[in-house]
Amino acid sequence: MKRLICLLSLLALITGCSLVKIDEQSYEEIIDSILVDGSNLKNVSLEGYSYYLPKGVLLKSSSLYNSTLYYNHRKMYLYVDTVSYYHKIDSHYEVANDRYVSLAIDRNSKKGYLEITQVGSEYFVEFMYHYAKIEAYVLEQDLKETVTTMAYILNHVRYHDAVLNTLIGDNVLDYNEEVFNIFKPKREDGTFLQYEELYQFEENEVDEDVIDLETDTE
């Protein structure tokens with residue numbers, strides 16, 4: 001019965017039905033409701049990993065480990081750190097009491113954090129979980145809905161060890177730790193959204209019509 005309630009709560013969060021009102025839940029409750037889901041859905045596959053984008057999220061472009069997403073007409077930037085995953089790099093998040101939201105996440109033996117900072121009239125959201133991170137600037141009224149969607153995407157990132165072993169072993173991945181550090185919140189040194197323009201990542205445009213839902217059987 002408890003599992004059924006959790007699944008129904010998750011369904012309500014994603015579909016927007018009235019069973020659970022997101023605005024009445026804390027950020028921690030929202031995250032817990034999403035991360036309890038262990039399904040293996042995917043509709044985006046890249047070298048060494050895959051993930052699932054729920055309805056309403058557009059994949060605009062992608063490179064080897066960077067993706068530009070759009071949700072509610074807002075840009076979201078996804079970075080998947082396959083190198084840190086492969087080497088099982090540990091991380092520790094220091095909670096910052098001066099942030100709008102600052103939460104350390106340790107669920108299902110996977111670590112991460114949620115940090116939200118007010119920047120003028122908008123809020124900068126940094127959500128990291130299990131070696132993947134999403135960033136976005138959103139309006140206050142859209143915060144919890146956006147965090148729910150981010151949690152759903154991050155929870156469905158799946159790494160494919162056999163492929164990563166070949167890629168990393170052959171030095172195919174070009175990883176620059178100084179530029180990308182998903183374990184450290186961008187409180188003072190810029191954001192990945194700024195890095196995207198600064199370093200001009202080579203991205204391949206993706207036609208949203210060719211992204212089909214499929215179930216990961218691995």
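Helices (H or I, at least four residues) and strands (E, at least two) are DSSP runs, numbered from the N terminus. By that scheme, Glu 115 belongs to strand β8. The structure is a predicted model, in which local features need pLDDT of at least 70 and side-chain atom pairs count only at pLDDT 80 or more, while totals for chains, interfaces and linings use all residues. Residues are numbered from 1 along each chain as its sequence is written, and side-chain values use heavy atoms, with hydrogens and water left out.

**Aromatic rings**

- A pair of aromatic rings is described by the distance of the centres and the angle of the planes.
- Rings of Phe, Tyr and Trp (its six-membered ring) pair if their centres lie within 6.5 Å; planes under 30 degrees apart count as stacked, over 60 as edge-to-face and the rest as tilted.
- The structure has nine aromatic pairs.
- One of them joins Tyr 49 and Tyr 51, which are stacked with 6.4 Å from centre to centre and 15° between the planes.
- Tyr 49 and Tyr 51 are both buried (buried is under 20% relative accessible area, exposed over 50%, partly exposed in between, with a 1.4 Å probe and protein chains only).
- The pair of Tyr 93 and Tyr 113 is stacked because the ring centres are 4.6 Å apart and the planes stand at 10°.
- This pair links distant parts of the chain, 20 residues apart: Tyr 93 is in the loop between α3 (82–87) and β7 (101–107), and Tyr 113 is in strand β8 (residues 110–119).
- Tyr 93 and Tyr 113 are also buried.
- One aromatic cluster is made up of Tyr 85, Tyr 131, Tyr 159 and Phe 183.

**Charges over rings**

- A charge sits over a ring if NZ of Lys or CZ of Arg is within 6 Å of the ring centre and within 35 degrees of the ring normal.
- Lys 88 lies over the face of Tyr 85, 3.9 Å from the ring centre.
- Over the ring of Tyr 27 sits the charged end of Lys 144, at 5.3 Å from the centre.

- Glu 115 is buried, and its relative accessible area is 0%.
- The side chain of Glu 115 meets that of Tyr 93 in a polar contact of 2.3 Å (a pair of N or O atoms within 3.5 Å; within protein, one must be able to donate a hydrogen and the other to accept it, and residues adjacent in sequence count only if both atoms are side-chain atoms).
- Val 44 is in strand β2 (residues 44–46) and is buried at 6% relative accessible area.
- Val 44 and Leu 59 are 15 residues apart along the chain, and their C-alpha atoms are separated by 8.8 Å.

**Salt bridges**

- A salt bridge is a side-chain nitrogen of Lys or Arg within 4 Å of a carboxyl oxygen of Asp or Glu, and the count comes to seven.
- Arg 107 forms one with Glu 28, with the closest N and O atoms 3.4 Å apart.
- Arg 107 is in strand β7 and Glu 28 in helix α2 (residues 27–35), so the bridge ties together parts 79 residues apart in sequence.
- Arg 107 also has a salt bridge with Asp 32 (2.4 Å, N to O), a residue of helix α2 that is 75 residues apart from Arg 107.
- Glu 28 is partly exposed at 41% relative accessibility, and Asp 32 is partly exposed at 34%.
- Glu 122 and Arg 74 meet in a salt bridge of 2.5 Å, N to O.
- Glu 122 is in strand β9 (residues 122–129) and Arg 74 in strand β6 (residues 74–80), so this bridge ties together parts 48 residues apart in sequence.
- Glu 122 is partly exposed at 23%, as is Arg 74 at 22%.
- Salt bridges with shared partners join Glu 28, Asp 32 and Arg 107 into one network.
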